[in-house]
Amino acid sequence: MSPLVAGFSSLLDPTVLSCIALGAVLGMLVGAFPGITATMAVALASGFTLTLDPLPGLAVLLTIYVSSNFGDRVPAILVNTPGTPASIATTFDGYAMAQQGKAGLALTSSAFASAVGTFAGLLLLMFAAIPLSRLALQFGPAEMFALVVFGLTMMIGVSGGRVVKGLMAGAFGLLLGAVGRDPITGDLRFTFGLVELSDGVPFIAAIIGLFGIAEVFDQIITHRSGSSAAPITQFGKWFPTRADWRTMLKPLAVGSGVGGVVGVVPATGGDIAGILAWDQARRVSAHPEKFGKGSLEGLTAADTASNATLGGSTTTSLALGIPGDSVMAVMIGSMIVWGIQPGPSLFTRNPELVYSIAGIMIVATLLALGLSLLRMRSVAKLLDLPRHFLWTIILIFCMVGTYAVNNSIFDVGVMLLFGLVGLFMRRFSIPAGPVVLGLLLGKLAESNLRRALEIGGVSNILTSPIAVAILAVSLLALVLPALRAMRQRRRTTPATPVAE
Amino acid sequence: MRPTIIRTASGVLTLAALVTVAGCADRGATVEDAADYPSKDVTLIVPYQAGGASDLAARTLANQMEQHLGTNIIVENRTGGAGSVGLQHLAEAHADGYTIGYLPVETVMLGFQGYDIDPANYDLIGQMVSVPATIAVPADSPYQTLDDLLKAAEEAPGTITVSNSGAGSIWEATTTALGEATGTEFKPVPFDGGAPAVTAAIGGEVDAVIAGISETAPAHAEGQLRVLAVFDEEPSPSLEGVPTAIEEGVDLTMGGWGGIGAPAGLPEEIKQTLEEAFTAAASSEEFTKVITDSGNIPVNVPADEFASFVESEAQNFKALLSDQD
């Protein structure tokens, strides 16, 4: 255990601790700012941290990474705008809770769930890194395709009971995912001659438009002067009761498991994990009907999972030298310049460093959790502003954040356009979740399927036990609920149709 | 009364803003400007995301150039369209020396891939980084040498799978070029970035990977991959014992590179100032150390030499990329 002690005690250096504090504040701010992602923040910060020693430098970068995954929940819950893609699934139940006057409970539970998720992921990093990294290598194109197909089966889950409309929205998302360069031949598809579309529909602009902007537009057109129904300012109770904790236990476990696995798989991150865990928690929940309508379980599962990916992707990055997600890709670049070569031998060559990294992330989590619990009362003040000021502030923040992604005014236009699309969908009660899922996963499904076929044809997929197993589970996930519903209907046929 | 005041104040502000904008809009480079260049901040456009290898090279160089120019250089990442968005933005900027940009190898490739990019639209300042291509196989692969791999490709053309960082990338082009140079054919498998392509080879999903030296050398050192050859004039110190393709009997040198350019039509004086600052920055110890540590090769190619190199690259890619379709 001496490397563990050595690794942790090297953090007691005041420089390292102050770097963690700096990173925590930066990360929270960056996370809360829609459009600015952890990847961008870490990439920009790495320009400055290269001049530092490795440990203080890593302290800044890793803490930004961790704490931005706390900060991004705040706009997701309060104004339905994911601060970073990792909090897409937070909006499903978090915003609904806020509308029911439970914003306080949503914010604190989300922070606790995020902390539990981070710790669960870090346990993987500290005690199971090497075996897990072998699992990561098993995920080639065929296995990735199967995993993404499993993700796509959740379209029904995130439709919130409106299956036909949900599938229509999902198909729209898949179509949007087809825009851009063909993944194998490089030919341009559906770009209408716009060079900005050749890398596909800008994802962050699309989600900010579909969730945040659409919500603002919706409030503007439905707002009646004089009506003072603003339940969101009533923050309600703050801390989960013992009964709340009990309902959170199962989603915490589901979220930790899903997030850990998704995190280990290279190039997948918190956005996918959050949605996956949300749907898995719904399947095992005693109250699946509440999901998407302000379920504490749904919020907990999503936030636990998206943060559990942090430990998983750090594991892959350190143990294989392969980036576990886009933030780690930047971080590996910095580490190599510092002369730290991530890879299997890091764990035997320099085990103290692995523990130091885990230690930094633990301190960062505790700090971010503290900041989340502290700061939230002041957030309430902001929402006391008259609506028209609040809308303006949200619109400006979303525009600036979206512009900053690529320094592109085109992206801002896309965001506003998706705001209109989202508004239309809301008015006709078409769920937005499946669009995001299609846009996020459609591209991954296509490119990995085509790669798998290039490499070895259909047999490449059929001979992979992992791929076949995941595909079978996907099939079951689709068929079982349908069968169950049919059986239930048969049993209750004599009764009159249930009123909506 | 207050609304009137606000209206008046905002009117004045709008007018002031308009005057300022009008003043800025038509600032071509005049003789006076050239004499006291640089009198304000310089913007350096990087057509790729912050945090990547191009961004690192550009930012590290910018830090050094700032000291020689005595002004701030603000790095601006304009991403999208395989780099063409940023490159187009640079080509359309004023040729006054206040907007310069990072020019990657894609500058000479994109024109043949359906994008509106022409290297003639840029005045070249110098080249500072070189990223030779390497070919590597999984650690447990039966192929011990480049020759083994080529023989396998000869026996069954188009079946040996070689991963690369993406459709249309320099590494995919290298795969095609290797096939053409040796009279064989490989099956390129494009991934979504260099790291996933290398991962696929480590995991044994593909027979080989073609990627930049900074991407394969770490995995080679870890024993996850075996680099068979470097497509460069000389063997690389970071890959000890690995021959060049030329030494293996394949006359092919290829790879990525990066330099600094400006919109075409730069006044001669300003160009000279930039070239001097570039040369000093690219030969600085700080710059060469960061680039070497990142696994790539720092170079310091002056403007005229860089220009003729770009021209020959454009010819090569014209031949290679045009006959694909």
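**Inside chain B, then across to chain A**

In strand 3 of chain B, B:Gly101 is the bridge partner of B:Ile45. Strands here are DSSP runs of E with at least two residues, helices are DSSP runs of H or I with at least four, and both are numbered from the N terminus. The model is a predicted one, in which local features need pLDDT of at least 70 and side-chain atom pairs count only at pLDDT 80 or more, while totals for chains, interfaces and linings use all residues. As for the labels, residues are numbered from 1 along each chain as its sequence is written, and chains are lettered from A and ligands numbered from 1 in the order in which they are written.

Strand 1 of chain B (residues 42–46) is a handy place to start. Parallel pairing links strand 1 to strand 3 (residues 99–104) of chain B through 3 bridges; two strands count as paired if DSSP finds at least two bridges between them. Strand 2 (residues 73–77) of chain B also runs parallel to strand 1, with 5 bridges joining the two. One of the residues involved is B:Val42, whose bridge partner in strand 2 is B:Ile73. With helix 3 (residues 53–69) of chain B, strands 1 and 2 form a right-handed β-α-β unit. Right-handed means that, with the strands pointing away from the viewer, the path from the first strand over the helix to the second runs clockwise. A residue is buried if 20 or more other C-beta atoms lie within 10 Å of its own, exposed at 12 or fewer, and partly exposed in between, with C-beta atoms placed from the backbone.

Stepping back, chain B has 12 helices and 10 strands, and 54% of its 325 residues count as buried. Among its contacts with a separation of 6 or more, 75% link residues 24 or more positions apart. A contact means that the C-beta atoms of two residues, placed from the backbone, lie within 7 Å.

Where the two chains meet, 41 residues of chain A are in contact with 41 residues of chain B. On the chain A side, helix 3 (38–49), helix 15 (326–337) and helix 20 (433–462) each supply at least two residues. That side holds 19 nonpolar, 16 polar and 6 charged residues. Here Ala, Val, Leu, Ile, Met, Phe, Trp, Tyr, Cys and Pro are nonpolar, Asp, Glu, Lys and Arg are charged, and the others, Gly among them, are polar.

Within chain A, the axes of helix 6 (residues 88–99) and helix 13 (residues 270–284) come within 7 Å and cross at roughly 40°. The two helices are therefore oblique to each other. Residues meeting here include A:Phe92 from helix 6 and A:Trp278 from helix 13.

Beyond its neighbours within four places in sequence, A:Gly94 touches residues including A:Arg73, A:Ala106 and A:Leu299 by the contact criterion.

Another glycine, A:Gly419, sits in helix 19 (residues 409–427) of chain A and is buried, with 24 other C-beta atoms within 10 Å. A:Gly419 and A:Ala214 are 205 residues apart along the chain, yet their C-alpha atoms are separated by 4.3 Å. Setting aside neighbours within four places in sequence, A:Gly419 is in contact with A:Gly209, A:Ile213, A:Ala214 and A:Phe217.

Conventions
Axes are lines fitted to C-alpha atoms, for helices over the stretch in contact, and angles run from 0 to 180 degrees between N-to-C directions. Angles under 35 degrees count as roughly parallel, over 145 as roughly antiparallel, 65 to 115 as roughly perpendicular and the rest as oblique.
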